[in-house]
Amino acid sequence: MYSSKANNRAFGALEQGMWVDFVENNEKPQRMGYGRLSSKVPDDWYSLPKKSWTSVIKSAFSEALMLFAVSPFQLPGRIARSLVPPIVHKFRIIHVDLLGPAIALIFLMSLIVFGQANKENTVGAEKLIVSYCVMLPLITYFVLRCCQAAITFLQLVTLLGYSLYGPVFTLAVSLVIDRERSNTVFFLCLAVFGGLSTLRVVLVVLASLRIPAARLLVCSSLALTQLLFVAWLHFTYLHPTFVFGRGSVSNVEV
């Protein structure tokens with residue numbers, strides 16, 4: 001049996017760990033540490049007047065538009081911040097928006113289409129990328145909720161969406177600059193860009209988990225999934241010697 005003093009000491013040690021600030025539009029920062037999130041105090045819905053469905057839909061639509069209301073001058077800073085681990089206080093601020101992740105998704109699909117331009121009989125990777133961007137936040141959020149993580153779904157979507165800039169820079173350098181001539185350049189870019197973006201995601205997810213035993217499993221699985229996805233896209237759809245869906249077995253020359 002553990003004593004209450006030991007539990008209090010352990011919990012106090014966790015509270016002194018890393019924290020990050022999630023910032024939404026027109027809202028104050030919400031500080032998150034190891035399993036603690038100072039969320040907004042919910043209003044007493046008994047005292048609120050009833051709203052019609054039209055007003056609810058309009059308010060939801062306006063809130064959705066606010067997620068894309070990002071200044072063009074702020075977007076480069078948010079993209080650069082997505083490649084820096086939240087260790088220094090300046091880079092612990094995570095802005096919650098969907099414009100940056102949407103641009104990263106468009107760039108990633110454009111690179112894949114550009115890389116497949118010189119290949120014949122290839123199966124498009126657009127559905128795979130969209131499925132990955134949809135299923136990864138859903139599965140990760142379900143696992144984090146089971147592990148009592150203090151992070152919302154929108155914050156997780158933003159965090160994973162901005163982490164797509166790691167694969168974008170990795171594939172852009174190896175495809176546009178290096179022309180897929182050296183695997184060393186790809187793995188070097190994967191270690192730098194992909195590693196930094198994945199490390200930022202892992203540290204933030206690590207700070208939100210309450211259960212210590214789940215930190216290693218969840219963070220390691222998430223990191224491997226992100227890095228292996230970039231390697232899969234490179235060697236399957238962009239590398240000259242690997243083409244997914246090329247012909248059939250009967251058309252292979254012996």
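A word on the source. This is a predicted model, in which local features need pLDDT of at least 70 and side-chain atom pairs count only at pLDDT 80 or more, while totals for chains, interfaces and linings use all residues. Residues are numbered from 1 along each chain as its sequence is written, and side-chain values use heavy atoms, with hydrogens and water left out.

Helices here are DSSP runs of H or I with at least four residues, strands are runs of E with at least two, and both are numbered from the N terminus. Helix α4 covers residues 99-115 and α5 covers residues 126-146; they pack at an angle of about 155°, with axes 10 Å apart. That makes α4 roughly antiparallel to α5. Axes are lines fitted to C-alpha atoms, for helices over the stretch in contact, and angles run from 0 to 180 degrees between N-to-C directions. Under 35 degrees counts as roughly parallel, over 145 as roughly antiparallel, 65 to 115 as roughly perpendicular, and the rest as oblique.

What does α4 meet in α7? Among the α4 residues are I103, F107 and L111, and among those of α7 are V168, L171 and L175. This contact divides into 14 nonpolar residues, two polar and no charged. Helix α7, residues 165-177, packs against α4 at about 30°, with the axes 9 Å apart. So α4 is roughly parallel to α7.

Next, α5 and α6. Helix α6 spans residues 153-162, and its angle with α5 is about 130°, the axes being 10 Å apart. The two are therefore oblique to each other. In α5, L136, P137, L138, T140, Y141 and L144 meet F153, L156, V157 and L160 in α6. The classes are nine nonpolar, one polar and no charged.

On to the charges. How many salt bridges are there? The count is one, taking a salt bridge as a side-chain nitrogen of Lys or Arg within 4 Å of a carboxyl oxygen of Asp or Glu. D97 pairs with R78, and their closest N and O atoms are 2.8 Å apart. Because D97 lies in the loop between β4 (93-95) and α4, and R78 in helix α3 (residues 75-81), the pair ties together parts 19 residues apart in sequence.

Last, the record. An unreviewed UniProt entry places "transmembrane region" at residues 98-117, 129-147, 159-177, 183-209 and 216-235. In the model, residues 98-117 are 85% helix and 0% strand, with end C-alpha atoms 29 Å apart. Residues 129-147 are 95% helix and 0% strand, and there the ends lie 27 Å apart.

Technical notes
UniProt positions are given in the numbering used here, feature names are shortened, and annotations may be inferred rather than shown by experiment. Contact means heavy atoms within 4.5 Å. Ala, Val, Leu, Ile, Met, Phe, Trp, Tyr, Cys and Pro count as nonpolar, Asp, Glu, Lys and Arg as charged, and the others, Gly among them, as polar.
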